[in-house]
Structure formats: C-alpha cells, structure tokens
Amino acid sequence: MRVYLGAAPGGEATNLALAHALARRADQEEHYEAVHVYQPTGRSVVFGRRETRLPGFPAAVHAARDAGFVPLIRATGGRAVAYTEQTVVVHHVRH
C-alpha cells in the first residue's frame, strides 16, 4: 500500500486531482491500494458531480461562497462536504 501524508501543493483542487488520479490507478491495477491523509490549507465545499445537476446547485454554490468557502467538484461520487483547516481528510482507494 502506498501512503501519502500531507496536503498537495496548490490547494484543495490539487488534492482532489490527486484523489482522482489515485482512483483511476486503482481501477487500472489489480493490486493497487493507496491512502492520502491531509488537512486542507483553506476552506472549501466539495460537491459531487451528481449534485451539479440538481436544481438547488447554483444556490448552494452561492451560499458556500458567501460563507467564505471555495466551491469545488469532485470527479468521483459522494455528496457535498465542507472542509476547513481543522478537517482531516482520508482518501482510501483500492482495486
């Protein structure tokens, strides 16, 4: 198993890109497994791609920005999650 500790340089968008890359690799390699553990360096709300098609999505993005959060979209599933500098994020992927 590969273990990655610490936030990727470039903020939460880079951490999401890393999570997506790890998931793609796990999908392609039969025995691949990785964990990325970090604390975000800023405030963000990470939405799932499915949520972007819901009628309340624009209002949710607006509310996140008004509250001081950067809205982002994750490439893989899940629902909206708010991250702050006190959050501990664990991405665990395996085939």
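**Figure 1. Lining of the largest pocket in the predicted model.** The residues that line the largest pocket are Leu16, Ala19, His20, Ala23, Ile73, Arg74, Ala75, Thr76, Tyr83, His91, His92 and Val93. Two or more lining residues come from each of the elements α1 (12–28) and β6 (89–94).

**Figure 2. Space and residue classes of the largest pocket.** The largest pocket holds about 210 Å³ of space. Sorted by class, its lining has seven nonpolar, four polar and one charged residues.

**Figure 3. The aromatic pair of Phe47 and Phe57.** One aromatic pair is found in a search of the whole structure. The ring centres of Phe47 and Phe57 lie 5.1 Å apart and the ring planes stand at 80°, so the pair is edge-to-face. Phe47 belongs to strand β3 (residues 44–47) and Phe57 to helix α2 (residues 57–66); the pair therefore ties together parts that are 10 residues apart in sequence. Phe47 and Phe57 are both buried.

**Figure 4. The salt bridge between Arg25 and Glu29.** The structure holds one salt bridge. Arg25 and Glu29 form this contact, and their closest N and O atoms are 2.8 Å apart. Arg25 has a relative accessibility of 29% and therefore counts as partly exposed. Glu29, at 34% relative accessibility, also counts as partly exposed.

Definitions and conventions: Residues are numbered from 1 along each chain as its sequence is written. This is a predicted model: local features need pLDDT of at least 70, side-chain atom pairs count only at pLDDT 80 or more; totals for chains, interfaces and linings use all residues. Side-chain values use heavy atoms; hydrogens and water are left out. Rings of Phe, Tyr and Trp (its six-membered ring) pair if their centres lie within 6.5 Å; planes under 30 degrees apart count as stacked, over 60 as edge-to-face and the rest as tilted. Helices (H or I, at least four residues) and strands (E, at least two) are DSSP runs, numbered from the N terminus. Buried means under 20% relative accessible area, exposed over 50%, partly exposed in between (1.4 Å probe, protein chains only). On a 1 Å grid over the protein atoms alone, a cavity is a set of points where a 1.4 Å probe fits but cannot get out, and a pocket is an open set with protein on both sides within 12 Å along at least five of seven lines; lining residues have an atom within 4 Å of a point. Grid points are joined across faces, edges and corners, and a volume is the space filled by probe spheres set on the points. Ala, Val, Leu, Ile, Met, Phe, Trp, Tyr, Cys and Pro count as nonpolar, Asp, Glu, Lys and Arg as charged, and the others, Gly among them, as polar. A salt bridge is a side-chain nitrogen of Lys or Arg within 4 Å of a carboxyl oxygen of Asp or Glu.
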